Amino acid sequence: MAHGFPVENWWTAGQAELVEDRSLTWRRQQWNARDAWMSPDGAARPFGAFPDGARPPDDMRLVKDGWDHDRCQLCWETFAEAPHGQPEGYTDGTQRWLCIACFETYLTPRLRQANLPEDDSCPSS
Ligand SMILES: [Zn+2]
């Protein structure tokens, strides 16, 4: 399947799955810093990283806008507030981001194909 669509031989299995997953809904959005949980040694996890009902460890504190960048899932391009990174990209709503160049190269052709009608015969009315 997916013959003719651009693929890269350096993709991990997870990256290939992400590109081929038609159940994901990608939206173009401005990137914004988010609140983050910060551990005493300075390691951060984005707010929401702990699923419902799971509490972060007691020694973590919530830092307003502490999550100051994300990475493109495919090329590792940085998203951050200007001038430190891309100000805009595509997200599937689960804190995963794709840069615009990757989205247009890899996702756009696949989504265009997926949106074509299965049956290409002309409807007669
Ligand atoms: Zn990218």
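Alanine 36 stands opposite valine 63 in β4. That pair is my way in. A word on the ground rules first. Residues are numbered from 1 along each chain as its sequence is written. This is a predicted model: local features need pLDDT of at least 70, side-chain atom pairs count only at pLDDT 80 or more, and totals for chains, interfaces and linings use all residues.

How far does the confidence go? The mean pLDDT of the protein chain is 89 (pLDDT is the predictor's confidence in each residue, from 0 to 100). Of its residues, 90% reach 70 or more. Among the elements, the lowest mean belongs to β3, at 88. The highest is 98, for strand β8, residues 97-98. Keep β3 in mind, as I come back to it.

Now the overall layout. The protein chain has two helices and eight strands. These are DSSP runs, numbered from the N terminus: helices are H or I with at least four residues, strands E with at least two. What order do they come in along the sequence? The pattern reads α-β-β-β-β-β-β-β-β-α. So much for the order.

The chain is split into two domains, with bounds from an automatic or database assignment. Domain 1 takes in 12-30 + 70-113. Domain 2 is 34-67. Their C-alpha centres lie 23 Å apart. Taken along the principal axes, the C-alpha atoms of the whole chain fill a box of roughly 65 × 35 × 30 Å.

Next, the sheet. Three strands make an open sheet, in the order β3-β2-β4, and the pairing is antiparallel. Which strands stand at the edges? They are β3, residues 44-46, and β4, residues 61-67. Each has a single partner strand, so one side of each is left without a neighbour in the sheet.

Take the two pairings in turn. Strands pair if DSSP finds at least two bridges between them. Between β2, residues 34-38, and β4 there are four bridges, in the antiparallel sense. Between β2 and β3 there are three, antiparallel again.

Look at tryptophan 37. On one strand, tryptophan 37 faces leucine 62 in β4. On the other, tryptophan 37 faces arginine 45 in β3.

β2 and β3 also form a hairpin, with five residues between them. Glycine 42 sits in the turn and has a positive phi of about 90°.

One is aspartate 65. Its phi is near 55°, positive in a residue other than glycine. Buried or exposed, then, for aspartate 65? Aspartate 65 counts as exposed, because it has 12 C-beta neighbours inside 10 Å. The cut-offs: 20 or more other C-beta atoms within 10 Å is buried, 12 or fewer exposed, in between partly exposed, with C-beta atoms placed from the backbone.

Two is tryptophan 76. Phi is near 75° here, again positive in a residue other than glycine. Tryptophan 76 is in the loop between β5, residues 70-71, and β6. With 9 C-beta neighbours inside 10 Å, tryptophan 76 counts as exposed.

Proline 83 is in the loop between β6, residues 78-79, and β7, residues 88-91.

Of the 125 residues of the protein chain, 14% count as buried.
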